[in-house]
Amino acid sequence: MSETDTKTEPDWVSWPDDKLLDLRLCDLHLSIDNSPLVARLDQLAAELAAQRLVFRPHVWISDEWFTPDGIPGIAIPFYLVHPRLARLELQQMLEVEGGTPEWCMRILRHEAGHAIENAYRLRLRKRRKQLFGRSSLPYPTYYTPRPYSKRFVLHLDLWYSQSHPDEDFAETFAVWLNPASEWRTQYAGWPALKKLEYVDALMREIADVLPPVTRTDCVDALPSLTKTLGEHYQARRAHYGLEHPHFYDQDLKRLFVDAASANGSMSAAQFIARMRKEARRRVAERTGAYQYTIDRLLESMIARCRELDLRLANTPEQAKLDFMLLLTVQTMNFLHSGRHRVAL
């Protein structure tokens, strides 16, 4: 970084986390200009142009990803604008949603699907309602995905297209827009192909057509958010880190043994703690669950093993394989039980 660039960096770049968490969101004074987001937004514009779509969503910085109903624009979370904030996001939430170029593009294509529906009022069309369902259906607080259903495309994690008709359309649009998706081949024989073919025909119909809705509202823009970063993350952790009952006690007792039978082997709590980071990452990849949610489950399991004074019964290698399977199963049980809150 040049000396000139260093001088233009905000003061909070060098602050420790505890001081940064006391800063209000509105006092971050961020701009998308000259941030890593510029390249991602240029790529989205190029992909839209390649399909002869003249529509371009307006974008602004907020506290999370979203597209407001009726507004043809996209809110992008603040932590993607500066690497210092991305590090804080990672420390607070254990992952950075949209933090890689590929992940960011997946989310941008999805949100562009919402935005283009708003821009052209596409959800009012009869065929759209028939294929995807009515937008007027209330968003659920919870939903139980069907992982093997072929009626929906697979794009974002947690089978997000199954959560609501609007999400189904946005996910289908995202798959269609991705120049590397090869959707005709990938979804051949799936009922979801009809949705993709409809989106394809619909986008050809509105190619070169200016959108009738041109509102540029910026809902919950960063300058209007007076909560501190600490308050923001406290609310997010409460949202994703739900309480876990001890419904896995029986499985833990099958996997490990009590101290009286262990002959001085390593404690199960210590064993799980050592593999905690690897376990949450690998299970997140398998299940699509948030790493923070899995980490809370791991924390509860560690505490429960300590309370029950459980210890290893097998070799560490076998115990690791068995525990990874147990954690995957319990995570999926949690996702499908209705207790998992989907961030809609």
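**Exercise 1.** Is Cys26 buried or exposed?

*Solution.* Keep in mind that this is a predicted model. Start with the number: the relative accessible area of Cys26 is 12%. The cut-off for buried is under 20%. Since 12% falls under that cut-off, Cys26 is buried.

Now try Cys218: its relative accessible area is 37%. Partly exposed covers the range between the buried cut-off of 20% and the exposed cut-off of 50%, so Cys218 is partly exposed.

As a last step, think about bonding. A disulfide is a covalent bond between the sulfur atoms of two cysteines. The count for this model is zero disulfides.

**Exercise 2.** Work out how strand S2 sits in the protein.

*Solution.* First, find residues 73–77, which make up S2. Five of its five residues are buried, and the strand is mostly covered.

Next, look at the directions. Gly73, Ala75 and Pro77 point one way, while Ile74 and Ile76 point the other way.

Then look for the partner strand. S1, at residues 58–62, runs parallel to S2, and five bridges join the two.

**Exercise 3.** Explore the largest nonpolar core.

*Solution.* Begin with its members: there are 64 residues, and Leu28, Phe78, Phe173, Met203 and Leu229 touch the most other members. Several elements give two or more residues to this core, including S2, helix H5 (101–120) and helix H10 (229–240). H5 gives the most, with ten residues.

Now zoom in on Leu28. Skip its neighbours within four places in sequence, and its contacts include Trp12, Phe78, Leu85 and Leu229. Another core lies apart from the largest one; it has 26 residues, among them Met301 and Cys305.

**Exercise 4.** Decide where to be careful with this model.

*Solution.* Check the overall confidence first: the average pLDDT is 89, and 90% of the residues score at least 70. Then check residues 1–6, where the pLDDT is below 50 and the stretch has two contacts beyond near neighbours in sequence. Finally, go to residues 338–344: pLDDT stays under 50 here too, yet the model has 26 contacts for them beyond four places in sequence.

Note on methods
Residues are numbered from 1 along each chain as its sequence is written. This is a predicted model: local features need pLDDT of at least 70, side-chain atom pairs count only at pLDDT 80 or more; totals for chains, interfaces and linings use all residues. Side-chain values use heavy atoms; hydrogens and water are left out. Buried means under 20% relative accessible area, exposed over 50%, partly exposed in between (1.4 Å probe, protein chains only). Helices (H or I, at least four residues) and strands (E, at least two) are DSSP runs, numbered from the N terminus. Two strands pair if DSSP finds at least two bridges between them. A nonpolar core is a set of buried Ala, Val, Leu, Ile, Met, Phe, Trp, Tyr and Cys residues joined through side-chain atoms within 4.5 Å. Contact means heavy atoms within 4.5 Å. A disulfide is a pair of cysteine sulfur atoms within 2.5 Å. pLDDT is the predictor's confidence in each residue, from 0 to 100.
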